[in-house]
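Look at the structure below before reading on.

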Number of protein chains: 4
Amino acid sequence: MSQVLSAEIEQRVRDSFARQGFMKKLGIEFRSISKGACELAVAFDESMTQQHGFFHAGVTTTLADNAAGYAAYSVMPEDSTVLTTEFKMNLLAPARGPELIARAEVIKPGRTLVVVRADVFSVGDGVEAHVATMLATEMCLMNKDDGPAH
Amino acid sequence: MSQVLSAEIEQRVRDSFARQGFMKKLGIEFRSISKGACELAVAFDESMTQQHGFFHAGVTTTLADNAAGYAAYSVMPEDSTVLTTEFKMNLLAPARGPELIARAEVIKPGRTLVVVRADVFSVGDGVEAHVATMLATEMCLMNKDDGPAH
Amino acid sequence: MSQVLSAEIEQRVRDSFARQGFMKKLGIEFRSISKGACELAVAFDESMTQQHGFFHAGVTTTLADNAAGYAAYSVMPEDSTVLTTEFKMNLLAPARGPELIARAEVIKPGRTLVVVRADVFSVGDGVEAHVATMLATEMCLMNKDDGPAH
Amino acid sequence: MSQVLSAEIEQRVRDSFARQGFMKKLGIEFRSISKGACELAVAFDESMTQQHGFFHAGVTTTLADNAAGYAAYSVMPEDSTVLTTEFKMNLLAPARGPELIARAEVIKPGRTLVVVRADVFSVGDGVEAHVATMLATEMCLMNKDDGPAH
C-alpha cells in the first residue's frame, strides 16, 4: 500500500523520530517513509552486541518496532500520536553486521489499531539475509500531542 | 520454581552477561539469578527515551528479553548456550523513570525449548507499576560455546 | 483482581456465551466468572483431536481465547461489546483428556484495550498439568450490541 | 519458496491431516500442499460462530494453525513429526462466510524450528478479504511417529 506522503506528514514523522533520545544513542538512521511503509537502518558496533558477538535482539527489536510505529503513524490522522501496544518478534538468523535494515509495512490500517509487519535484514557485500520478522499492533491516540508529556 | 544456583552456573550466567556489549551501553545492572528466575534493572536517562519522554519500548524489551534469556539459561545443562527464538511483548503503561526492573521466571523448562514469562516494572518512590509483560521461547543449543563465534 | 460480579454483568457474559454456536459444537462448559477472571472447561472426545490423539491446538486455543474474552468483558462498561484483537499462545505440553480447563485473568484493564493472561490445564485423576499459556489483547467497543450484526 | 512435493511427502501430509478428528468435526477441506506452502478451507455454518454471528476466532485459528503446521511439515525430513510450539494471531476484520481460506508459507525452514506465516481470507462473490494473520513456530521432532501416542 505504499504511496508518497504529503510533506506535512513526512515532517511530522521525522520530528517524532528526532525527539527519541534512544535513536541517537543507537545511531539509528531514518532511511525513508511513505504511506504505510518505513525503512530504518543501523550500523554494527561492538557496543550493540549480545554474547556471541552478533547484534543484540534488543537492537533488532528497537529497529523493527520503530519502523513499525512510523509506518503506522504515516496512515494516522493529524492531531494524533502513535503508541505501540504489543508486538511479537521471531529471530530467524544471527544478526550480523555491517548493517541492519528494518522495513515495515502496514497490513491493516484500522481507525484505532493499525497492524504492521516489519522485517529485519542484515546487509553485507550487497547481500541481504532475513534475520527477524515482527508482527505489531500500533494504537492511534487522537487529540494527543506527539511530544513530551508534561 | 526459584532455588539457589550452584556457583558455577551463576558464574556462567554472569560471564555471558558481561560479554554483551549492549548491556554496558545501556548501563543495565545484573541484580540476581536463581534457578529459573532472573532480575535486571536500568536507570532512566534522556538517551533512553521515545518521543513522549518515557523509556523507549526498545529499552523495556531489551531488559525483559535478557532477563528471560538468563532465567532460561539457569536451567540449561553445562556445555550449552541460550538463544532467544521469539517473544511477544505487551506494553501496559508508560515506562517512567527513575528505574525499570525486569523479573523473569521460567514457566516450562523443556529440554530444547524453555518458555519464560518476564514482567517489567517502573519503580519510583518505592512504588512499582507494571509496565510490560513478555512471553518468550528460549532455545538450548548443546555443545555450543556461549562466547563469540569465530 | 477477582471479585464478585453484579448479577447483570454475570448475565450479560452468560448470554453472550450462549449466543456462540461454536461453544455448543465443542461442548464447552461455562464454569465461572468474576470481576476480571473466567473459567471454562471441555471434555475430551475423539472428534477434538490432532494427529497424535491429543486435544487439537485449535480446541485449546478456542478455550483460552473465550475465557480471556469473557474475563475482559467482565471489566467493561455497559453498552459495550468485546472483540479479541490478537493473542499469542505457547503450547507447553500435550493436552490430554479427560478434561481441559482454561483460567483467564485480566492483567491490565485499560479503557480501550484489556490485556489478559489465560492458562490451560489438562485434568486427570485430580492432577492438573499446565499445557498452554496465552497472552491476549481484548478491545472494548462502546455503544455496540453484543448480539448478531444485521 | 513453493515447489512441487514428492508424492511420498504429499501423502504423509494428507495422512496426518486425515488422522485429525478435529478436521472432520469442523469440515475443514484440504486444498493444496507444495514445498513450504499449504492451503485449507472451511465453509460457514451457524455452529461455527461467535456471539456476533461471524466465524469464531477459534475456527480461524484452527484453520491457520493447521495450514502453518503442514506447510512446515512439507519441508521436514522423513521419520519426523511436526508440533506447533507457539503462534501469534492478529484478527484484522470480521470473518464472514460463506468460506474461509488459510494460506501458509514457510519463511524460515530451520532444522529444528520452522517459522511460518499464515493468512486467512474470507471469500464471498469471488472477492477475498484479509481477516487474520498468524506468525507461528513449528518444531521438527526426529524419529517420532506422526500417529497416535501409545
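**Briefing**

In this predicted model, H1(C) and H3(C) are roughly antiparallel to each other, a label for angles over 145 degrees between N-to-C directions. Residues are numbered from 1 along each chain as its sequence is written, and chains are lettered from A in the order in which they are written. Local features need pLDDT of at least 70, side-chain atom pairs count only at pLDDT 80 or more, and totals for chains, interfaces and linings use all residues, while side-chain values use heavy atoms, without hydrogens and water.

**Helix packing in chain C**

- H1 (residues 7-18) and H3 (residues 57-73) of chain C pack at an angle of about 150°, with their axes 10 Å apart; helices are DSSP runs of H or I, at least four residues, numbered from the N terminus.
- Arg12(C), Val13(C), Ser16(C) and Phe17(C) of H1(C) make the contact with Asn66(C), Tyr70(C) and Tyr73(C) of H3(C) (contact: heavy atoms within 4.5 Å).

**Thr81(A)**

- Thr81(A) lies in strand S3 (residues 80-91) of chain A; a strand is a DSSP run of E, at least two residues.
- Thr81(A) counts as buried, at 1% relative accessibility (buried: under 20% relative accessible area, 1.4 Å probe, protein chains only).
- Leaving aside neighbours within four places in sequence, Thr81(A) is in contact with residues including Tyr73(A), Met139(A) and Gln51(B).

**Chains A and B**

- A rotation of 180° with 0.0 Å of shift along its axis superposes chain B on chain A, with RMSD 0.0 Å (least squares on the C-alpha atoms of residues with pLDDT of at least 70 in both).
- That is the relation of a two-fold axis.
- In chain B, the C-alpha nearest the axis belongs to Lys88(B), 2.0 Å from it.

Note on methods: Buried < 20%, exposed > 50% of the residue type's maximum accessible area, 1.4 Å probe, protein only. Axes fitted to C-alpha atoms, helices over the stretch in contact; angles between N-to-C directions. Parallel < 35°, antiparallel > 145°, perpendicular 65-115°, else oblique.
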